[in-house]
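Please look over the sequence and the model shown here. The report that follows covers a pocket, some backbone angles and a pair of helices.

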Amino acid sequence: MAEKKGFRAKVQRFGSYLSGMIMPNIGAFIAWGIITALFIPDGFTPNESLAAMVDPMIKYLLPLLIGFTGGRMVYDLRGGVVGATATMGVIVGAGIPMFLGAMVMGPLSGYIMKKFDDLFKDKVRSGFEMLYNNFSSGIIGAILAILASLAIGPVVEGLNNGLAAGVEAIIGAGLLPLASIIIEPAKILFLNNAINHGILSPIGVEQAANAGKSILFLLEANPGPGLGILLAFSIFGKGASKASAPGAALIQFVGGIHEIYFPYILMKPMLLLAVIGGGMSGVFTLSLFDAGLRAAASPGSIFAVYAMATPDSYLGVTLGVLVAAVVSFLIASVILKTSKSKEEDLAEATGQMEAMKGKKSSVAGTLNAGETAEAEALNQTPVDTEKDAAEVDKVIFACDAGMGSSAMGASLLKNKFKKADIDIYVNNHAINEIPDDADIVITHKDLTDRAKEKIPTAEHISVENFLNSPKYDQLVERLKK
């Protein structure tokens, strides 16, 4: 059992690493999708000169951003620069968009640069630091770019073509709906990032570049299956699960945060059949109408899905989402109506979800906010030393990716500071990118030890829930004095 949990944690960490390279650059993917939608010959407002941006963006800009981000994750800006330089090699050495190549060369280059510095940087004489820094990164970047162009690029291109051919074969055989058997349970177990960002999105972008759209962007982002589950709980659920389901449905369908329905399934694992059935029927409908998106819909909100859909896909996308929701709702309704169990423990299921995720959910507070706040108030995690108000200039929220739960917590504290007339900088970062001048770092309790290792000089505050912590008000009162 421990081995299974360890393997799952490793896959989750791998998926988190992949998403860490893709997610910060989703805005660039969306920008490419918008420019494509507007200016290509089949777009809304065809413009030949502006459409000239489409090809360079997908071949150069997007892979270079991924390569830079991957290198930076390993070795800060120095790793990012070398990662982007090496990524240029795989771009030139291949005839297709090199997203997979960027995901390989970015972190690999950052790692090589880091190890090189570990060996030689301390041996550089005073006054020669800039010379060493510039020439070492330049030489290593050039060598890696050459190797990538001659050797790694063609290999990754072959791998990419093989994966793409396999996906095309599955689509051609009408077997794509079966992917939901893997994807839907993977979402509940937080293993979807390895599949979605590691395989589906890179191949989907290549398909979109060639055909103008790709159904692969909708395999995981379709909000229909989750909506069906939450609607079924709204009608046939019991107690807290029934009361919270309508609000959760709004967050999931409109806000695009799918993880909010995961605890409902964990309460009744049989409901996996509902999301699998909904996912399969949705994919079948999308395939039937040849629907697809131009770029990734992130987050998986219905608005993001429509924004990225091609004009000829609006009907198919609408039906794909509706059919998935209806099928999921019907199966879930039968399971809930025939269930003989008493009221479910939503708080326990939420805790189970967070245990599998390995960190606090950014939306769990909407499911059991009262219980969480009360429990945290009774179980305060002491900080090492409290800084005086005069010592605090920067407060940083940190989580794994630095974009989800930490962003919501930072926004909440900013509003509290504003109301209390406290002029202190508040921002959110990935835990590996906490700035060195942070005075207070706020993390979920499961991540506090990692944050302390990153910046031991800061005051560290642990919270149970980024959205509903009494420690925010305590901090406000302390900093007002």
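## A pocket and a helix pair

The second largest pocket has a volume of about 280 Å³. This is a predicted model. The lining of the second largest pocket is made up of Arg72, Met73, Val74, Tyr75, Asp76, Leu77, Lys114, Asn432, Glu433, Ile434 and Lys454. By class, these lining residues are 5 nonpolar, 1 polar and 5 charged. Helix H4, which covers residues 54-92, contributes the most to the lining, with 6 residues.

Asp76 is one of the lining residues, and Asp76 is found in helix H4. Asp290 lies in the loop between helix H13 (272-288) and helix H14 (302-308).

| Residue | Phi |
|---|---|
| Asp76 | positive, about 55° |
| Asp290 | positive, near 50° |

Asp76 is not a glycine, and Asp290 is likewise a residue other than glycine.

The next topic is a pair of helices. How do helix H10 and helix H11 run relative to each other? The axes of H10 (residues 224-236) and H11 (residues 239-255) come within 7 Å and cross at roughly 155°. Angles over 145 degrees count as roughly antiparallel, and H10 and H11 are therefore roughly antiparallel to each other. Their crossing is left-handed. On the H10 side, the contact is made by Gly226, Leu227, Leu230, Phe233, Ser234 and Ile235. On the H11 side, the contact residues are Ser241, Lys242, Ala245, Pro246, Ala248, Ala249, Gln252 and Phe253. The contact of H10 with H11 has 9 nonpolar, 4 polar and 1 charged residues.

Conventions:
Residues are numbered from 1 along each chain as its sequence is written. This is a predicted model: local features need pLDDT of at least 70, side-chain atom pairs count only at pLDDT 80 or more; totals for chains, interfaces and linings use all residues. Side-chain values use heavy atoms; hydrogens and water are left out. Axes are lines fitted to C-alpha atoms, for helices over the stretch in contact, and angles run from 0 to 180 degrees between N-to-C directions. Helices (H or I, at least four residues) and strands (E, at least two) are DSSP runs, numbered from the N terminus. Angles under 35 degrees count as roughly parallel, over 145 as roughly antiparallel, 65 to 115 as roughly perpendicular and the rest as oblique. A crossing is left-handed if the near helix is turned anticlockwise from the far one by less than a right angle, and right-handed if clockwise. Contact means heavy atoms within 4.5 Å. Ala, Val, Leu, Ile, Met, Phe, Trp, Tyr, Cys and Pro count as nonpolar, Asp, Glu, Lys and Arg as charged, and the others, Gly among them, as polar. On a 1 Å grid over the protein atoms alone, a cavity is a set of points where a 1.4 Å probe fits but cannot get out, and a pocket is an open set with protein on both sides within 12 Å along at least five of seven lines; lining residues have an atom within 4 Å of a point. Grid points are joined across faces, edges and corners, and a volume is the space filled by probe spheres set on the points.
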